Amino acid sequence: MTAQTMPVRPAGDPRLRPVPWHRMAWVNWRQHRVALAGVAALLGAVAVYLWLSGLQLHHAYAAACHSSGSLACTLSFTGRYGITGIIVTTFLQAVPALIGAFVGAPVLAREMETGTFRYAWTQGFGRRRWAIGKLVTLAIVLAAAAEASSLLFSWYDRPFVAAGYVIPFSARVFDLLGVAFPAWTLAAFAIGALAGMLIRRVVPAIAATLVVYAGLAFAAAVYLRQHYLAPLLASKPNLPGSAWVVNEWFTKGGHYALPARGPRLVSTLQNLCPAMNTSPAQCLTTHGYVHWESYQPGSRFWTFQWIEAGWLLALSVVLIAAAVWLVRRRAA
Amino acid sequence: MNIIEASGLSKRYGSTWALRECTLAIPAGHVAALVGPNGAGKSTLLNLAVGLAEPSGGAVTVLGGLPAGSAAALDGIAFVAQDTPLYRNLSAADMLHLTRNLNRRFDRHYAESRLSELGIPLNRRAGKMSGGQQAQLALTLALARHPQLLVLDEPVAMLDPIARHDFMALVLTAAIDDGVSVVLSSHVLAELERVADYLVLLAKGQLQVAGEVDDLLASHRMLTGPTPLADRYPPGPVVNTRRGEAVTHLLVKAGADDPVPPGWEAHSVGMEELALAYLREPGAAALPGPSRGARPSEVAR
């Protein structure tokens, strides 16, 4: 044993400099490299697939779709590749949830479950700084990786948009494009981290993260997103293909008359035009009905992207702050 | 300097008081043993001292007045928790590097040479180590930080006798050679007797005995005499009575100079005997008056 004498240090030295933040980089890397490698493998495989499949798509589109919506385009491009596009987007929708569950949830839950928090929180780094150093660094790394995937996906998705097969506002692709994808990834990670700190066990925290994330993503797509800005109104609509129709209905004599789909519309049509020798729109127009649509124009795409990314970022900051606060407060 | 100082310290979990109105000052430069039955509040007191738990009432300071859990306190205290939690998937070398990155001071040379003396390969994962090796690794990591105070919660509970002996030897070396103050809780009274020179006894969340072992031993005596005479002894200073059919043993608060009643024989007591007597009598107490400061000799260390 090396005989060393303790350096005499005045108690409560105010010049005590904290352990520098960058030391946390190695700690994070060493403790989470398996999870990060998993994310890299997942996103790497996605990237390779998107690249190869995307080249094929772009060629097929260039060959078949001289005018979008043409029969040739429908037959050789959207008809052939559309289903692939749907499978790819469905899979990508799950990626943030997987990252949140398998990277976010264990970060704190494993420390609590195995008792290693007693080690980690009594080191000189300090438990609050430890929690911030962990969560913020991992959040930034994951969001950056997600942004890279999102850029590649938007390139992949371009022929589908150009062919009029999908609009960027579609719930299937909106949160995979632009800044929404990294924001959703960030939110999933933050949900996982907080769930881990609240539940303190890895497996239940993973399950809770998947449930909460799925609920939030569903609510945003179905209920929330259409209300980011007040929709525009059009009667006798002839909307551009990029517009996202939020709602449509019929009026007569200035009053609401009919929804634009459903059994009431069908029975009205049967009463008005029993011969069925005109198109439904024609039939209703001749009987004095006016078709209205409320919609979000395609030009609002980036505004909506930033609104969605904005509230998700704010939510993530709140969730991570709550996790850090719990780390500080949690009694052994 | 007091290495741990508590005043009116209380901790409640739900409706249960784990620690109640504990006022205590452990001076620096000791190996202090924290003894008590299960649920007496030993771990609670240690968790409060290292800042893992927040008091429900009262206050605890460490290292001469630093608030427990503050940055300066964490810097000067190394804690080895019960069951020595380590990252099971990390190797010894990784644990060394991790601890180095999380602290201002870390004596890598000391840690590595210590592990090689112990025969723990640097590339072995913590999860693959024996209980003894895990405990030694956790202790090595703690000592390599050159703490002023080493806090150990039930460090040898899971160890076999040899590992226990080796572990305590390392603790003692650190205390003697490097002047590290040590506070450890344990059930193993025999082990503590060899290393501890300060005793803190807790019962049901309350402080029962606190003081230097030498002072405590000097102020207690074991009296042995005929059972029929046992009740004649003035009950005040009697801590514990062990009544046999013919012979009764009384542990009494009495110094070597105090008179021994006729018919009785006085012996000095050991720490284990003393601790057992108090553990059997949770109502008895031996506490110092107003907390004393450290003696000059201790500050010099």
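Lys204(B) counts as partly exposed, with 15 C-beta neighbours inside 10 Å; a residue is buried if 20 or more other C-beta atoms, placed from the backbone, lie within 10 Å of its own, exposed if 12 or fewer, and partly exposed in between. The model is predicted: local features need pLDDT of at least 70, side-chain atom pairs count only at pLDDT 80 or more, and totals for chains, interfaces and linings use all residues. Residues are numbered from 1 along each chain as its sequence is written, while chains are lettered from A and ligands numbered from 1 in the order in which they are written.

Lys204(B) is not a glycine, yet its phi is positive. His146(B), likewise a residue other than glycine, also has a positive phi.

| Residue | Phi | Loop in chain B |
|---|---|---|
| Lys204(B) | about 50° | between strand E9 (198-203) and strand E10 (206-212) |

His146(B) is buried, since 21 other C-beta atoms lie within 10 Å.

In chain A, nine helices and four strands make up the secondary structure. The radius of gyration of chain A is 27 Å, well over the 20 Å that the globule rule gives for 332 residues, so the chain is more spread out than a compact globule. This radius is taken over C-alpha atoms, and the rule is 2.2 Å times the number of residues to the power 0.38. Along the principal axes, the C-alpha atoms of chain A fill a box of roughly 105 × 45 × 35 Å. Of its 332 residues, 36% count as buried.

An automatic or database domain assignment supplies the domain bounds. Chain A is divided into domain 1 (23-230 + 299-329) and domain 2 (232-298), and their C-alpha centres lie 38 Å apart. Nine residues from domain 1 of chain A and seven residues from domain 2 of chain A form the contact, where two residues are in contact if their C-beta atoms, placed from the backbone, lie within 7 Å.

Helix H1 (residues 23-64) of chain A has a kink of about 70° centred on His32(A); the bend at a residue is the angle between axes fitted to the seven residues ending there and the seven starting there. Among the buried residues of H1(A) are Val39(A), Leu43(A) and Leu50(A). The cover over the buried residues of H1(A) includes helix H2 (71-114) and H4 of chain A, together with helix H3 (92-101) of chain B.

The contact between the chains takes 30 residues from chain A and 35 residues from chain B. H1(A) provides five residues, the largest share of the side of chain A that touches chain B.

Which residues have the most contacts inside the largest nonpolar core? They are Leu142(A), Ala323(A) and Leu199(B), in a core of 177 residues. Such a core is a set of buried Ala, Val, Leu, Ile, Met, Phe, Trp, Tyr and Cys residues joined through C-beta atoms within 7 Å. Not counting residues up to four places away in sequence, Leu142(A) touches Val39(A), Ile99(A), Val103(A), Thr185(A), Leu186(A) and Phe189(A). Ala139(A), in helix H4 (residues 127-162) of chain A, is buried, with 21 other C-beta atoms within 10 Å.

Definitions and conventions. Helix = DSSP H or I, 4+ residues; strand = E, 2+ residues; numbered from the N terminus.
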